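Subject: Structure handover

Hello,

Here is the structure I promised to pass on to you. Please have a look at it first, and then read on for what turned up.

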Amino acid sequence: MFGNIASFLSSGENIAFFVFALMAIGGAIFMINFNKVVHMVVALALTFISLAGLYVVLDAEFVAFVQILIYAGAISILMIFGIMMTKHQGEEEEPKRPVHNTLLIIGALALFGVLFYAIQNVTLPAGEFKAAEDNTLEIGKLLFNQHVLPFEIMSVLLTVAFIGAIVVAKREED
């Protein structure tokens with residue numbers, strides 16, 4: 001059962017994948033468990049950067065660059081500005097629930113056990129992946145030829161969301 005793990009960790013690429021995956025999961029767990037919003041944003045940025053590392057390991061350099069540029073940079077900065085520009089009252093801490101936390105840990109460990117067992121016993125077909133010579137060029141061709149309509153609709157949706165955020169912030173100010 002553990003022979004698959006030893007063979008998986010025999011290459012440096014797989015070790016890097018494992019480390020980045022653990023960092024992404026850890027950042028997400030920290031983001032959920034922190035109480036201060038700024039700490040949550042830093043943990044979320046760690047998750048975004050770890051995901052970019054995963055994309056590099058998977059030979060998707062363009063997606064990794066966009067992940068860092070958009071998510072780790074712009075969205076994290078936007079969240080910090082949003083935190084700084086809004087008023088925060090003294091937040092009350094939630095009461096401790098030891099039974100709830102115990103059941104949560106048991107459930108998480110059970111889910112991990114089931115996933116571990118399933119992953120160890122699955123047989124995946126061997127296949128050869130042929131990556132394009134220039135990922136960015138291929139993404140550009142697909143984006144502006146085959147998927148131009150969804151791309152434009154997404155830009156309109158983001159513009160509407162931005163205007164909606166301004167309207168909501170203006171109402172909160174009044």
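A word on pockets before anything else: a pocket here is an open set of points on a 1 Å grid over the protein atoms alone, with protein on both sides within 12 Å along at least five of seven lines, and its lining residues have an atom within 4 Å of a point. Please also keep in mind that this is a predicted model.

With that in hand, the second largest pocket holds about 820 Å³ of space. Its lining is made up of 19 residues, and F8, F18, F116, I119 and Q120 are the ones that lie nearest its centre. Which helices contribute to this lining? At least two residues each come from helix 1 (3–8), helix 2 and helix 5 (98–121). Helix 5 gives the largest share, with 7 residues. In terms of class, 16 of the lining residues are nonpolar and 3 are polar, while none is charged.

Next, helix 2. This helix runs over residues 12–33, and at 1.5 Å a residue its 22 residues should span 32 Å; the C-alpha atoms at its ends are 31 Å apart, so the two figures agree. Which residues of helix 2 are buried? They are A21, A24 and G27. These three cover an arc of only 125° around the axis, and therefore sit on the same side of helix 2. The general rule behind such a pattern is that an α-helix has 3.6 residues a turn, so residues three or four places apart point the same way. On the other side of helix 2, G12 and N33 are exposed.

What covers the buried residues of helix 2? Helix 3 (37–57) is included in that cover. A residue to look at there is T47, which lies in helix 3. With a relative accessible area of 11%, T47 counts as buried, because the cut-off is under 20%. If you leave aside its neighbours within four places in sequence, T47 is in contact with A24, G27 and A28.

Finally, a look at the backbone. D59 is found in the loop between helix 3 and helix 4 (61–85). Its phi is near 60°, a positive value in a residue other than glycine. Is D59 buried, exposed or in between? At a relative accessible area of 43%, D59 is partly exposed.

Happy viewing, and best wishes

Terms used. Residues are numbered from 1 along each chain as its sequence is written. This is a predicted model: local features need pLDDT of at least 70, side-chain atom pairs count only at pLDDT 80 or more; totals for chains, interfaces and linings use all residues. Side-chain values use heavy atoms; hydrogens and water are left out. Helices (H or I, at least four residues) and strands (E, at least two) are DSSP runs, numbered from the N terminus. The expected span of a helix is 1.5 Å times one less than its number of residues. Buried means under 20% relative accessible area, exposed over 50%, partly exposed in between (1.4 Å probe, protein chains only). The arc is that of the directions from the helix axis to the C-beta atoms. Contact means heavy atoms within 4.5 Å. On a 1 Å grid over the protein atoms alone, a cavity is a set of points where a 1.4 Å probe fits but cannot get out, and a pocket is an open set with protein on both sides within 12 Å along at least five of seven lines; lining residues have an atom within 4 Å of a point. Grid points are joined across faces, edges and corners, and a volume is the space filled by probe spheres set on the points. Ala, Val, Leu, Ile, Met, Phe, Trp, Tyr, Cys and Pro count as nonpolar, Asp, Glu, Lys and Arg as charged, and the others, Gly among them, as polar.
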